[in-house]
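Please load the model in a viewer and keep the selection tool at hand.

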Amino acid sequence: MNKTFETILQLIERGDVRISDHGYNELRADNISARDVFSSVVEGIVIEDYPDNRKGPCVLVLQKDRLGQAIHTVWGIPKGFSFPAVLITAYKPDPIRWEADFLRRKK
């Protein structure tokens, strides 16, 4: 398993998690339930890993909502810290830009 994602899952498990302001806005904009995001994160699949991101390590993850629809989330850990897990953003991926499995961008 991806090291950053493994750490994020451990932080979520112990309740050391936050949602960024941008994350709240995006959840609302795409009508995504925070409950869906938190309940499906353990089954998430890492799409992209950004261990050297300037704001701290983060990962793009494919998750599913309660209806089985794809959700992309970006989870991170603030640079210079070992906690909390931060939900940076969440959105419903655009099928025009993503392959049918929502794991790869269309070329």
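Begin by selecting Ile8, Leu27 and Trp75, the residues with the most contacts inside the largest nonpolar core, which has 18 residues. A nonpolar core here is a set of buried Ala, Val, Leu, Ile, Met, Phe, Trp, Tyr and Cys residues joined through side-chain atoms within 4.5 Å; buried means under 20% relative accessible area, exposed over 50%, and partly exposed in between (1.4 Å probe, protein chains only). Two or more residues each come from α1 (3–13), β3 (58–64), β4 (70–76) and β5 (85–91), and α1 gives the most, five residues. Helices (H or I, at least four residues) and strands (E, at least two) are DSSP runs, numbered from the N terminus.

The model is predicted: local features need pLDDT of at least 70 and side-chain atom pairs count only at pLDDT 80 or more, whereas totals for chains, interfaces and linings use all residues. Residues are numbered from 1 along each chain as its sequence is written, and side-chain values use heavy atoms, with hydrogens and water left out.

Next, centre on Leu27. Leaving aside neighbours within four places in sequence, Leu27 is in contact (heavy atoms within 4.5 Å) with Ile19, Ile32, Ala34, Val37, Leu87 and Ala90.

Now select β3. Six of its seven residues are buried, so the strand is largely enclosed by the rest of the structure. Strands pair if DSSP finds at least two bridges between them. On one side, β3 pairs with β2 (residues 45–50) in the antiparallel sense over five bridges; seven bridges join β3 to β4, also antiparallel. Leu60 of β3 stands opposite Glu48 and opposite Val74 in β4. In the hairpin of β3 and β4, with five residues between the strands, locate Gly68, which takes a positive phi near 85 degrees.

Finally, display the charged side chains. The whole structure holds five salt bridges, each a side-chain nitrogen of Lys or Arg within 4 Å of a carboxyl oxygen of Asp or Glu.

- Asp36 and Arg66 meet at 2.8 Å, N to O. Asp36 lies in helix α3 (residues 34–40) and Arg66 in the loop between β3 and β4, so the pair ties together parts 30 residues apart in sequence. Asp36 is buried at 9% relative accessibility, whereas Arg66 is exposed at 64%.
- Arg105 and Glu48 meet at 3.0 Å, N to O. Arg105 lies in the segment after β5 and Glu48 in strand β2, so this pair ties together parts 57 residues apart in sequence.
- Arg14, Asp16 and Arg18 are linked in a network of salt bridges.
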